Amino acid sequence: MRKVIVLSFISLDGVMQAPGGPEEDISNDFKYGGWTAPFFHEADEAAGEMMEKQMKSADLLLGRKTFDIFAAYWPEHAAYWPGINDVTKYVISNTMDKSDWKNSVFLNGVDGIKNLKNSEGSDIQVHGSGNLVQTLLKHDLVDELWLKIFPVTLGTGKRLFGEGTIAAAFTLTESVITPNGVIFANYKRAGEVKTGTVGT
């Protein structure tokens, strides 16, 4: 069975929309596209090392909108993400079944995701893909969360955890705090939520 790892940039209030640039996703009149940019610079070695580690070759599972963004950018900028053109890109779409971007495979719905997860192969990374992530969380198909938490609140925008998210426990496996205050926190699924009374 393959692990599904969700990687996400999120604000303190859980917004994940358009972290990379002003035109990335302007749906619902979102005005803060590119909100992560001020926190990344070449001198920030801690962030650079973590990003390099997280962008090592792995198959990808993407929603349609994120796939369109990636397919328009990464084939010509693969030097910044070595291996991106060679890994398999699995895409969830009801309206698209082929692409010029090599190694793109199209799936349809939750059953396709479950079959992929139950197959043999490398870990599968999910980047962006807000609607897809909601589906994965609703059906308990996320094995790990690799979050990059930024010290801003945005008030509006698409959030990582929607109303369909099930109750689930996670264990912190790795964390780094950059000089700019960005928290890299990796979690793995750890069974059911436990409750109790504090102090007893």
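Let's start with Tyr73, which has 37% relative accessibility and so counts as partly exposed. For burial, the cut-offs are under 20% relative accessible area for buried, over 50% for exposed, and partly exposed in between, with a 1.4 Å probe and protein chains only. Before I go on, please keep in mind that this is a predicted model, in which local features need pLDDT of at least 70 and side-chain atom pairs count only at pLDDT 80 or more, while totals for chains, interfaces and linings use all residues. Residues are numbered from 1 along each chain as its sequence is written, and side-chain values use heavy atoms, with hydrogens and water left out.

Now, the rings. How many aromatic pairs does the structure hold? There are nine aromatic pairs. One of them is Phe70 with Trp81, an edge-to-face pair with 5.9 Å from centre to centre and 75° between the planes. Phe70 belongs to helix H2 (residues 64–73), while Trp81 sits in the loop between H2 and strand E3 (89–92), so this pair links distant parts of the chain, 11 residues apart. To be clear on terms, rings of Phe, Tyr and Trp (for Trp, the six-membered ring) pair if their centres lie within 6.5 Å; planes under 30 degrees apart are stacked, over 60 edge-to-face, and the rest tilted. Helices (H or I, at least four residues) and strands (E, at least two) are DSSP runs, numbered from the N terminus.

Are Phe70 and Trp81 buried or exposed? Phe70 has 12% relative accessibility, so it counts as buried, and Trp81, at 4%, counts as buried too. Back to Tyr73: its ring pairs with that of Trp74, with centres 5.0 Å apart and planes at 85°, so this pair is edge-to-face. Trp74 is buried, with a relative accessible area of 13%, whereas Tyr73 is partly exposed.

Two of these tryptophans come back when we look at the core. The largest nonpolar core has 25 residues, and Phe67, Trp74 and Trp81 have the most contacts inside it. H1, E2 and H2 are the elements that give two or more residues to this core, and the largest share, three residues, comes from H1. A nonpolar core here is a set of buried Ala, Val, Leu, Ile, Met, Phe, Trp, Tyr and Cys residues joined through side-chain atoms within 4.5 Å. In soluble globular proteins, nonpolar side chains tend to be buried together.

Let me stay with E2 for a moment. All five of the five residues of strand E2 (residues 59–63) are buried, so the strand is largely enclosed by the rest of the structure. Asp59, Leu61 and Gly63 point one way, and Leu60 and Leu62 point the other way. Which strands join E2 through bridges? Strand E5 (residues 124–127) runs parallel to E2 and is joined to it by two bridges, with Ile124 as the partner of Asp59. E3 also runs parallel to E2, joined by four bridges, and Gly63 stands opposite Ile92. Strands pair if DSSP finds at least two bridges between them. Together, E2, H2 and E3 make a right-handed β-α-β unit; right-handed means that, with the strands pointing away from the viewer, the path from the first strand over the helix to the second runs clockwise.

On to the charges. The structure holds nine salt bridges, each being a side-chain nitrogen of Lys or Arg within 4 Å of a carboxyl oxygen of Asp or Glu. One of them joins Asp13 and Arg159, with the closest N and O atoms 3.4 Å apart. Asp13 lies in the loop between strand E1 (4–11) and helix H1 (45–54), and Arg159 in the loop between strands E6 (144–150) and E7 (170–177), so the pair ties together parts 146 residues apart in sequence. Asp13 is partly exposed, at 24%, and Arg159 is partly exposed, at 33%.

Another salt bridge is between Lys53 and Glu174, at 2.8 Å from N to O. Lys53 is in helix H1 and Glu174 in strand E7, so this one ties together parts 121 residues apart in sequence.

Last, back to rings. Phe9, Trp35, Phe39 and Phe150 form one aromatic cluster, and the charged end of Lys148 sits over the ring of Phe9, 5.0 Å from its centre. For that, NZ of Lys or CZ of Arg must be within 6 Å of the ring centre and within 35 degrees of the ring normal.
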